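Biologist: I should like to learn how to read a structural model with care. May we take it feature by feature?

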Amino acid sequence: MVRSSVETDSALEGAARILAGLLESRTGQALTEARAWRMETALRPVLRQHGLADIDALVSRLTRKGDAALEQAVVDALLNNESSFFRDFQIFDMIQRQVLPHIRTQRKDRVLRIWSAGCSTGQEAYSLAILLRNKWPEWAGWRIEILATDISAHAVDQARSGIFSQMDVQRGLAVGDLIKWFEPHGDNWQANSHLRRMIDFRQDNLFDPTAPAGTYDLILCRNVLLYFNRERRQAVLNLIARHSHEGSILLMGAGETLIGQGEEFVAHAEFRGGYVRQSPASAPPLGLARRAF
Ligand SMILES: C[S@@+](CC[C@H](N)C(=O)[O-])C[C@H]1O[C@@H](n2cnc3c(N)ncnc32)[C@H](O)[C@@H]1O
């Protein structure tokens, strides 16, 4: 029988610790106490799929022989993929009203590059695509690239499919946008091809990155750094700094702050909660391929 709490069972505490260690070494994410409590629920589908009786059996399988697919499934199941369309609506309102018009005046070459880092199941990237599509005439003649990356293979597959449940679309998506940009797909909804072809979804680890190339005008790394320790947070910020140019805008999650963390980004004077890239010293010129790091 699957035991019910990591607190009350010492064997499970040990197993939970090993799984938390696996998650942290692969992703940098520390398992919060709240998620440790939900570990069994989160892992239940993995246990079922692999015919394992409980978490002890899972850990024993993982430690006995290397099973990369099983490890990936465990990591995927333990990650917090919580997301929603237009999450923290004020931020998207600011992107629409201030950030995108600002970038439009800056980029004389009419290229807009956005990176959603830690995109989960894609709602953040689709929300950006919807903002742009809703103002399409203003972007006529622009080359728009949206890169969306996440370590979770499962989340990225779902994001790429553009398929969302009724419950997903009810979380943050206006009815007008649903009708305009999504099509019924069985009991679900699928982002239409106009949206889907705007976004390049890639599975990528922020600690072993291969997807980002060159620099981005707007980077969203929201509700991702939250679970990293200070050192890991700095490593991700260094990565983001290398893929930004002077004036690039970085947006974090509501309540997340960069105070006391690095000097490349400073709070933007006008974009509330936004940060702007300062020195171009370590940034490669626009459009250049990714440097080796
Ligand atoms: C809570 S979700 C946030 C999704 C979206 N940014 C939002 O705010 O709605 C955090 C995401 O970060 C991803 N993540 C965690 N560690 C990562 C890593 N090392 N590299 C890339 N993505 C990571 C998780 O898989 C998860 O999908």
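Modeller: We shall discuss confidence first, then a helix, the strands, the cysteines and a loop residue.

Biologist: What is the mean pLDDT of the chain, and what percentage of its residues reach 70 or more?

Modeller: The mean pLDDT of the chain is 89, with 91% of its residues at 70 or more. Residues 1–12, however, have a pLDDT below 50, and in the model this stretch makes 24 contacts beyond near neighbours in sequence. The pLDDT is likewise below 50 over residues 282–293, a stretch with 29 such contacts. Where pLDDT is low, the predicted coordinates should not be read in detail.

Biologist: Let us turn to helix 8. Which of its residues are buried, and why do they lie on the same side?

Modeller: The general idea comes from helix geometry. An α-helix has 3.6 residues a turn, so residues three or four places apart point the same way. Helix 8 spans residues 153–161, and its buried residues are A155, V156 and A159. These three lie on the same side of helix 8 because they cover an arc of only 95° around its axis.

Biologist: Against which elements do the buried residues of helix 8 pack?

Modeller: Their packing partners are helix 7 (123–134), strand 2 (143–150) and strand 6 (199–203). Just after helix 8 comes G162, which takes a positive phi of about 70°.

Biologist: Strand 2 has now been mentioned. How many of its residues are buried, and how does it run relative to strand 1?

Modeller: Six of the eight residues of strand 2 are buried, so that strand is mostly covered. Strand 1 (residues 111–117) is joined to strand 2 by seven bridges, and the two run parallel. Within this pairing, V111 stands opposite R143 of strand 2.

Biologist: In what order do the three strands of the open sheet lie, and which of them stand at the edges?

Modeller: The order is 3-5-4, with antiparallel pairing. Strand 3 (163–164) and strand 4 (182–185) are at the edges; each has a single partner strand, so one side of each has no neighbour in the sheet. Strand 4 is linked by four bridges to strand 5 (residues 188–191), and these two run antiparallel. P184 faces W189 of strand 5 across this pairing.

Biologist: How many disulfides does the structure hold?

Modeller: A disulfide is a covalent bond between the sulfur atoms of two cysteines. The structure holds zero disulfides. For C119, the nearest cysteine sulfur is that of C221, 11 Å away.

Biologist: Lastly, where does Q261 lie, and what does its side chain reach?

Modeller: Q261 belongs to the loop between strand 8 (244–251) and strand 9 (265–267). Its relative accessible area is 7%, so Q261 is buried, the cut-off being under 20%. A polar atom of the Q261 side chain lies 3.2 Å from the backbone oxygen of R230, and a polar contact of 3.1 Å joins the side chains of Q261 and R233. Leaving aside neighbours within four places in sequence, Q261 is in contact with R230, R233, Q234 and L237.

Notes: Residues numbered from 1 in each chain as written. Predicted model: local features only at pLDDT ≥ 70, side-chain atom pairs only at ≥ 80, totals over all residues. Heavy atoms only, no water. Buried < 20%, exposed > 50% of the residue type's maximum accessible area, 1.4 Å probe, protein only. Arc of directions from axis to C-beta. Contact = heavy atoms within 4.5 Å. pLDDT = per-residue confidence, 0-100. Pairing = 2+ DSSP bridges. Disulfide = S-S within 2.5 Å. Polar contact = N/O pair within 3.5 Å; in protein donor to acceptor, adjacent residues only side chain to side chain.
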